[in-house]
Amino acid sequence: MRLNRSRWADLLLLLVTLVWGSTFVIVKWAIADLPPFPFLAIRFALAFISLSPFLWFQKRHLSKKSLLVGVALGIFLFSGYAWQTVGLQYTTASNAGFITGLSVVFVPALVTITTFKLPRPSLLLGILSALVGLALLSLGDRFQLNKGDLMVLVCALSFALQIFLVGRYAPQTNAIVLTSVQILTVSVLSGIFSLLIPQPPMHFSPTVWLALLVTAIPATSLAFFVQSKMQQFTTPTHTALIFSMEPVFSAISAFFLAGEVLTLKGLIGAGLVLGGMLIAEFTGSETEIRSE
């Protein structure tokens with residue numbers, strides 16, 4: 001029974017990753033009219049509003065602990081988005097894509113540090129395959145470190161901590177409560193930074209509204225609810241490997257929506273990321289098996 005639940009959880013997390021990757025192009029178009037912090041503030045506010053009726057029916061699960069956990073996770077989630085946004089001003093999109101994908105390494109490292117156990121060799125092989133694939137998919141011929149790369153590295157660590165902590169606390173916390181508090185925290189923090197940092201003129205074009213609606217519900221409220229719920233039945237390392245498919249789905253959507261074509265190196269990289277995820281999926285990890 002554990003195996004079936006784990007497979008279904010991984011499949012649903014893969015669908016979440018597909019949604020995130022597919023919305024990359026439209027978000028890129030939208031933030032040309034609406035700056036990133038105001039976009040995030042409105043996106044996550046709309047997502048919280050969409051969850052509010054469900055949160056009302058689950059209000060008995062609200063507690064000091066669930067609120068603290070949700071806020072902490074929301075801070076790490078916001079940190080990931082914020083450092084990535086700022087870092088992109090000083091580095092290339094390819095560098096940022098690869099460094100963000102390093103969460104696929106950070107998550108098992110966090111698991112190893114806290115459990116004092118190394119993942120199985122087959123899982124390490126999956127991680128290595130995904131890491132090489134991300135490099136081929138994301139990086140150009142030259143990779144030069146700069147201050148933007150360091151900022152995006154903080155972003156990757158923030159996302160890794162969010163994935164790791166969701167895996168740790170989701171089994172003891174109501175999924176609606178955990179998701180809602182995380183989302184509200186990101187919205188509030190994004191709004192605060194929108195006020196603190198001078199923003200360029202904002203234009204609410206039809207593309208912006210479309211992007212807000214698409215990202216607020218399927219790519220935020222539903223996606224993070226699925227993550228909070230499904231990480232009860234799979235592992236943080238599996239989740240990180242599955243999320244490494246995001247640039248693959250992003251490249252596919254860019255091909256269909258923007259006419260961008262992957263090079264042979266990019267196609268090989270995408271194949272290696274997929275291979276790494278499948279290795280992890282069909283071998284599992286003895287050090288991370290959850291109890292039912």
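The model is predicted, and every value given below is computed from it.

**The largest pocket**

- The largest pocket has a volume of about 1700 Å³, and among the 48 residues that line it, those closest to its centre are F24, Q84, G97, E246 and S250.
- Helix α12, which spans residues 246-258, supplies the largest share of this lining, with 6 residues.
- Sorted by class, the lining of the largest pocket is made up of 27 nonpolar, 16 polar and 5 charged residues.

**Helices α3 and α9**

- Helix α3 (residues 36-57) packs against helix α9 (residues 175-196) at an angle of about 150°, and their axes are 8 Å apart.
- Because angles over 145 degrees count as roughly antiparallel, α3 and α9 are roughly antiparallel to each other.
- The crossing in which α3 passes α9 is left-handed.
- On the α3 side the contact includes F37, F44, F48 and F54, while on the α9 side it includes I176, I183, L184 and F193.
- The residues of this contact between α3 and α9 divide into 17 nonpolar and 6 polar, with no charged residues.

**Helices α6 and α8**

- The axes of helix α6 (residues 103-115) and helix α8 (residues 147-169) come within 8 Å and cross at roughly 50°, and the two helices are therefore oblique to each other.
- As α6 passes α8, the crossing is right-handed.
- From α6, the residues S103, F106, V107, L110, V111 and T114 take part, and they meet L153, A156, L157, A160, L161, I163, F164 and R168 of α8.
- By class, the contact of α6 with α8 contains 11 nonpolar, 2 polar and 1 charged residues.

**Helices α6 and α11**

- Helix α6 also packs with helix α11 (residues 236-243), at an angle of about 175° and with the axes 8 Å apart, so that α6 and α11 are roughly antiparallel to each other.
- In this contact S103, V104, V107, P108 and V111 of α6 meet P236, T237, A240 and L241 of α11.
- The contact of α6 with α11 has 7 nonpolar and 2 polar residues, and no charged ones.

How values were computed: Residues are numbered from 1 along each chain as its sequence is written. This is a predicted model: local features need pLDDT of at least 70, side-chain atom pairs count only at pLDDT 80 or more; totals for chains, interfaces and linings use all residues. Side-chain values use heavy atoms; hydrogens and water are left out. On a 1 Å grid over the protein atoms alone, a cavity is a set of points where a 1.4 Å probe fits but cannot get out, and a pocket is an open set with protein on both sides within 12 Å along at least five of seven lines; lining residues have an atom within 4 Å of a point. Grid points are joined across faces, edges and corners, and a volume is the space filled by probe spheres set on the points. Helices (H or I, at least four residues) and strands (E, at least two) are DSSP runs, numbered from the N terminus. Ala, Val, Leu, Ile, Met, Phe, Trp, Tyr, Cys and Pro count as nonpolar, Asp, Glu, Lys and Arg as charged, and the others, Gly among them, as polar. Axes are lines fitted to C-alpha atoms, for helices over the stretch in contact, and angles run from 0 to 180 degrees between N-to-C directions. Angles under 35 degrees count as roughly parallel, over 145 as roughly antiparallel, 65 to 115 as roughly perpendicular and the rest as oblique. A crossing is left-handed if the near helix is turned anticlockwise from the far one by less than a right angle, and right-handed if clockwise. Contact means heavy atoms within 4.5 Å.
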